[in-house]
Structure formats: C-alpha cells, structure tokens
Amino acid sequence: MSPTSTRPPATASPTGEPPATNPGIPTATSLPGCAQLPEPLPLQANQRLPDPFTFFNGTRVTNMTDWTCRRSEISQLFQRLELGVIPAAPESVTASISGPILSVTISRGGRSVTIHPTISYPPSGSAPYSALIAFGGTTLPRPAGVAIITFNNDEIAQHNDTSSRGVGLFYDLYGADHPASAMMAWTWGVSRLIDALQNLPSANIDSDRLAITGCGVNGRGALVAGAFEERLSLTIPMESGTGGAGCWRIAQKLFSTGHVTITASDLARENVWFSKTFNDYASRVDELPFDHHLLAALVAPRGLLILDNSQFSWLGPASVFGCMKTGRKVYEALGYADSMGVSQIAHTDYCQFSPDQYVEYQAFMNKFLAGKRTENTTVLKTDKPNDAGFVEAEWVDWTVPNLVSGSSPPTAPNEPPSTPTGANCVAPAELTDPSNERLPNPFTFAKRSDNSGSPIDLAVNSTEEWYCRREQIGQLFQKYEFGTLESRPQYVSGEIFGKTLTVNIGHKNRNISFQATLQYPDTDDPGPFPYIIALGGSTLPHLADMALITFDPEDLAQANGTDSRGKGKFYELYGEDHSASALMVWAWGVSRIIDAVGTAPVNLERKGVGVTGCSDHGRGALVAGAFDQRIELTLVIESGVGGAGCWRIADDLKKSGIGALTATDIVKDTVLFSSTFTGFANRTSELPVDHHLLAAMVAPRGLLVLENSAFSWLGISSVYGCMKTARKVYESLGMKDRMGVSQVGHTDHCQFQGQQYPELNAFVNKFLRYRTQEQTNYFKTDVPNDAGYVESKWVDWVLPNL
C-alpha cells in the first residue's frame, strides 16, 4: 500500500483470509513480516495523543514499509482494546434485488441471516451508479448520479442499552458471546453488502465507487466502517463527537475542566457500541496505546471528510477538531493531506445537514465518487476561535516524517539490496580471458587475476551473491556498451499544468527541463493510479485504471545518425563529451520522470510504475528497467537485436545468410550505444556481457518481451534464444513466471498485436494492479523449433538453485 500500489491491508480485514485463532477465540493478527504485539500488553499511561509513527515496541516509523506494519498494529490494538475483533468473510454471501430492496443472505456454519438494504437510485446519470451507504438514513443532499443505500445497522447489532450486547443478526450467526462490539458488527454488515454488490450486476451499483455516512452514533459507526473496510472510497462521519471523530483524552480533559462533554465512561456505561474489554479502560483512557486520531489514520489514504457541529458542547468541539487535525498528520506523511478534510460549523439542528458545509461535501463527493481528480478538497476549518480551543503543543510531542520515499508493501525475500558491496561486486579493470563464443554465464563472476597473475573464477551460489553479480554486470554494461549512468542530480522537481508534466533538473549550476504528457485513465475510479512511462509514445491498447506518461527521449539525447552523439539536453547538463549513450540517457530520463512524479501534485501511485517502448525505444525501456529498480514492470516491444536480442546469436544468423541486424549494422547508423562499444561491434564474442544479462538485471521484477516474428531483421532466433537464456536467472531465483516472452508474427511493425493481449493484461494485473495470483507463465513463439534456437550451441553452464 502507500501512495502504495496497493492500499495497505487492514489486519483481520472483512474481505481477507481468516486470521489464525485459538479454538473459539477470535484474535486480531499481524501482517506477515511485521512485529508481533506482546501478550499481555504492557500498557503505560500517556497524557498526550499517542505517536502514529512509533511502534508499540518504541521503534520509529521511517518509511512506507514501516507504516504498513504500524497500520496493522494500530488495527490490532483497536480490535483488542476497544472495538472487538471483526471476523473474516463468511462461507457464503448471496444476493437478489426486487425493486429498490436488496436481499443479502449470509451463511456460516449451517446458519443463515438475511439483511434488506434499500437502494434509492438517482433521477439522472447512467448505470452503474456510485453510491452513498447511509447507516439509518441521511440528510446529506444527493449529488447528481449517486445512489443512496439505506442500511439498517440496528438489525445487525442492537444498541438500545447495555442489555443489547450480543443481540442482532450478526450474533445470530456468530454467537451472542462474540467479542465484536455493535460498531464492529455494523462494519461487518457493510462488508457483506459490498460483497453482494460486487456479485450482483443487476443492482446497477459500481462497487468501486462507494462512500459511507451516518450521524451521531451512526457517524461513529461510519468512521469505524471506513477504517476497517478498504473498499469504501470515502467516509463521511457527521456530528460523531467523542468516541467517533473526538479523542478520548481531550474529551476527558474538557470534562475535568468543567465542560459538559461526553466521555468514555459515559459511553461505556450507556451502551454496547464498544467492546466489553473497553469497559475496563473507560475510566483510564490515558493507558490506551491509541486514541481516535489513529482511527482516522486507518482510513488513510482514502477519502475522509469530518462534518462536525460546534453548536453542542457535549459533542466536544475541541476534542473533535484537535483529534482530527492530529489524525490528518498521517495523511500529510503519506503525501495525501487533501484526502482528509475537517469542517466544523455551528447550526442548531442536530444531525441535519448544514448548507454552509455544502462546498466541501460536494468537492469530496466529486473527487472520490465522480473521479474529478482536480477538485479542491483542502479543508481544515472551525468557526470556533483558536482552533476551537485545541492547543496542539499540549497534545502532540512527536514529529511527522516524510514516508513517501519508502517502499510498500514489505518486500519479497528475493528483493535485491539497494547497492551490494564486496570485492566481487566490482567489475575487474581488465578481463583475463575476454573471448567467449557462447553466451556468458550469469552465475560466474567476471574473471580477475590474483596476486600471482592466475585467473580467479568464482561461481555464484546464493541469492546474495547473485545480486553482487548483478551489480558487476551493470558496471560491465556501462563500461563496454552504454556508457556511464548518472545518478539522481542535485535537484529534480515536477510541475503539472493540464496534461503537461514539466521535469526540472539542476546540477552544478546548470539547469534543464523537459516535458512529458500525462494522460489519466477514462474512469470514475478516484485514483491514485499506477502509471506506465512510454518512450516516444505507446501503441498499447487502453488499459483500464492505468495512467500513461509519454515523452520524447530524443529531446534528451538525439540518436538520428552518428553525428548526433553528444547532442540533447542531457549533454547540456553534463557536457557533450559525456560517455553516456543515447539509450543510457533515455533510461536516465525515465528515472527523472519517476523522481518528478514524487514531487508533483499528480494523482499517481509512487510504487506502481511500468515502462515501455517499441523498436529503439523498446531497447531504451529495457535499459531503464535494468537500471532503475523502482520500475515494477518492463514491457519491451519489438526491440530486436540490441534490445531483447543477443549480439552473438545475431552475428551467427548473419553468417548463416539470415538478414538479422548485427552490432556492426547498428553502430554505423546510430549513437544508441557508446563510442567504446563501436570498437567491439565486429568482435562481440570479446564482450563480457550479452543481452540475456541485460534482461537478467530486471529480475526479480516483472519483464514481458512482446516480439514480432514476421521480420527477420529483428533477429527472431536471437531474441527468443536470448530471452530464453535470461529466463534461467528468474528460474534460479524461484520466480520464472515473472518473465514472459510472446513472439507472434504480424505485418505492422510497432503496432500492438491483439493476440498478445492476454499476456499483456496478465502482467499488468500482476505487477501494476498487484493481483499476485495472476497466471503469468507465458513463454512462446509461433516459429517452429524454438524459432531455430539450439540451446546446447550457446549455453555451456548449469543452472544453480539460488
């Protein structure tokens, strides 16, 4: 999740797998790879609002990976100490609709219950409609094209008084002694409603565009639902007061200083909105390791609008405004401050919508349900003087980190280290035995001499050693083929105006800028969106919910003829004699776009990044994917020899009379490769690398090579054989299905072939939409006998199990 490809999952999510439990005792469990909470919890009094960015064990949150785990921990704490555990999805949810009435039947363990939400469809707009789910009905005005779903949460879990505990349809299914509080049971019910909507197209509701609201007690329930049900795009609690948008600690302080304000003790004595366990802490809220600013934090980065009424002191206006102002700091840390708004305005009618709050309400509905991404949702206001009496210094003694530079979710075991170190990670200055007619072994370090001058040949035997070898391969490519890759310059920023993203770069008192075009998907999804960077444009078919950034790489490095070496904006920044080839400069430009996206106010994910290009631009995309590990998916299209094709195999094809391009052909006409490479173009067997190793540098991230077998000059056998060899590295890492090859003949060069759509969609699903179970085991050619590639001729090494 994080400004993450994926939103971080809630622990014991209503849509997730059942948590591990002791027999009959539900528990809230941590995410894999995250620290476990101790049992029992050693609680300590804290007069201030607990730090969202410090784990229970005292460790500080510094990046998005940490936040994912901390969010899981906060979820567990709320379930253990205040709200009770929410169970996973039951065995069966079925639904039907008759007129405006839904019938949702939920079955578990031989028992079934049925709920009957009511849908009020809008008089205008087109189906499927976005929808606002309302606990007990709502006075919010209906925006154009939005359905209202009235949800009777009282029948799920009754809340007349303390005698209502364990009474309602939820408890009929799970037993009267289930620890879930009424509000957690209501959340479970909303999740079952969403399950039903996802599987009932005849309801004409778009389950990806849902909001939830409620007022008073139901407003508290709406906030809990928004915190624990991540399929809700927008949460709007109205006048929820203490126990909703208000913090326990601040309310207790208000009460102790003479204000007429509801406290935790009042609510615990009055009803069953909270768990039995919470009764033990209601009179000592300072011992809780959370407060309701952290309940709001569980909603992040999805939309959250707090509509509050400063008219009634018992709602605790200072408690609500201060609590939510503090909760908003988590949104700030995630880079989405404007996804959470607070509007506190006095009006005399309790739980009646105030027209004075219409502007912010409409803006949030537009942004999160109608997909109007540019809507201004920056709102943090109260009509009470001096922040309604909230003094931040009294409550907040921690700082807000910038989390967006981290990675999320926690990385897989085979994720490479940032920069491996060690003697073998460094490419030797001189090679002892450079000539090799076969494809160089990925699993042997480049030969170097010991002190006596004898060659040392070291094998790669572990994952850690492979990433060291990968570092060495990258250095060898820079030395012999692409020239030096410059790291991030001193200054990079992005500016957006309309569809134009301007990338500003400064380095050693020199400045350049170049432009890219940002195209958002045509969808009602509010985003943020994964995005694909396309060198020189894209002929990929429309990909739903994917943004596209296109740029002209020749603006940075010209490649039209050999006299264009050193021309382009990159060389204006670093000098025209810089060793970087055009391909390396183009890859550098892709990296600067990713940098700029991280600073610009764009509705894009920071993690879900793909890169693509065709022909020469496909070669550039492969280089970018090899050298920038932030790229999750590399899509290489018809790149041929010098891209997905190996030099050695292409030379052999040419000798056999097959008209494949060779290194010699390419360096005569372009500056795609470095001037050093020109000297090796007619003796590629002396290179310590070939392009199976360039593709191997992408591992373990996603790589899909889409190739055209209709044109012999692309080097059909060279590409297929080269990539089949590269896939051995993925195989040795235990993830061969992360690399795919699809070679299909068609007559239009660089026009997408429809037969290759299943593999394209599968790889996009897996690596940019994070559907990890997607089948991506594609490796095929329509040319007989592996397109003429004979492996024994080119590979004389064995595959280790790393």
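**Aromatic clusters, cores and backbone features of the predicted chain**

In this predicted model, Phe477, Phe482, Trp647, Phe673 and Phe677 are linked into a cluster by ring pairs, where rings of Phe, Tyr and Trp (its six-membered ring) are taken to pair if their centres lie within 6.5 Å, planes under 30 degrees apart being counted as stacked, those over 60 as edge-to-face and the rest as tilted. Residues are numbered from 1 along each chain as its sequence is written, and side-chain values use heavy atoms, with hydrogens and water left out. Because the model is predicted, local features need pLDDT of at least 70 and side-chain atom pairs count only at pLDDT 80 or more, whereas totals for chains, interfaces and linings use all residues.

The structure holds 36 aromatic pairs. One of these joins phenylalanine 274 and phenylalanine 278, whose ring centres are 5.2 Å apart and whose planes stand at 40 degrees, so that the pair is tilted. Phenylalanine 274 counts as buried at 3% relative accessibility, and phenylalanine 278 is likewise buried, with a relative accessible area of 0%; here buried means under 20% relative accessible area, exposed over 50% and partly exposed in between, with a 1.4 Å probe and protein chains only. Tyrosine 480 and phenylalanine 680 form an edge-to-face pair, with 5.5 Å from centre to centre and 80 degrees between the planes. Since tyrosine 480 lies in helix H14 (residues 463-482) and phenylalanine 680 in the loop between helix H20 (675-678) and helix H21 (691-696), this pair ties together parts that are 200 residues apart in sequence. Helices (H or I, at least four residues) and strands (E, at least two) are DSSP runs, numbered from the N terminus. Tyrosine 480 counts as buried at 10% relative accessibility, as does phenylalanine 680 at 14%.

Charged groups also sit over aromatic rings, a description applied if NZ of Lys or CZ of Arg is within 6 Å of the ring centre and within 35 degrees of the ring normal. The charged end of arginine 683 is placed over the ring of phenylalanine 680, 4.5 Å from its centre, and that of arginine 220 sits over the ring of tryptophan 273 at 5.3 Å from its centre.

The chain contains 25 helices and 23 strands. Its radius of gyration, taken over C-alpha atoms, is 30 Å, close to the 28 Å that the globule rule gives for 802 residues, so the chain is as compact as a globular protein of that length; the rule itself is 2.2 Å times the number of residues to the power 0.38. The C-alpha trace spans about 90 × 55 × 50 Å along its principal axes. Of the 802 residues, 60% count as buried, and among contacts (heavy atoms within 4.5 Å) between residues at least 6 apart in sequence, 72% join residues at least 24 apart.

The largest nonpolar core has 109 residues, and those with the most contacts inside it are Ile549, Ile593 and Met723; such a core is a set of buried Ala, Val, Leu, Ile, Met, Phe, Trp, Tyr and Cys residues joined through side-chain atoms within 4.5 Å. Helix H16 (residues 582-597) gives the most to this core, contributing twelve residues. When neighbours within four places in sequence are left aside, isoleucine 593 is in contact with Leu501, Val503, Phe514, Ala516, Ile533, Ile549 and Phe551. Apart from this core lies another, of 105 residues, including Ala131, Trp186, Trp273 and Val330.

In helix H6 (residues 248-256), the buried residues are Trp248, Arg249, Ile250, Ala251 and Leu254, and their cover includes helix H1 (64-83), helix H7 (264-270), helix H8 (276-279), helix H9 (292-297), helix H10 (317-334) and helix H13 (392-395). Just after H6, glycine 258 takes a positive phi of about 100 degrees.

Positive phi values also occur in residues other than glycine. Glutamate 638, with phi near 45 degrees, is found in the loop between strand S20 (633-637) and helix H18 (647-655) and counts as buried at 2% relative accessibility. Tyrosine 770, with a positive phi of about 60 degrees, lies in the loop between helix H23 (757-767) and strand S23 (779-781) and counts as buried at 17%.
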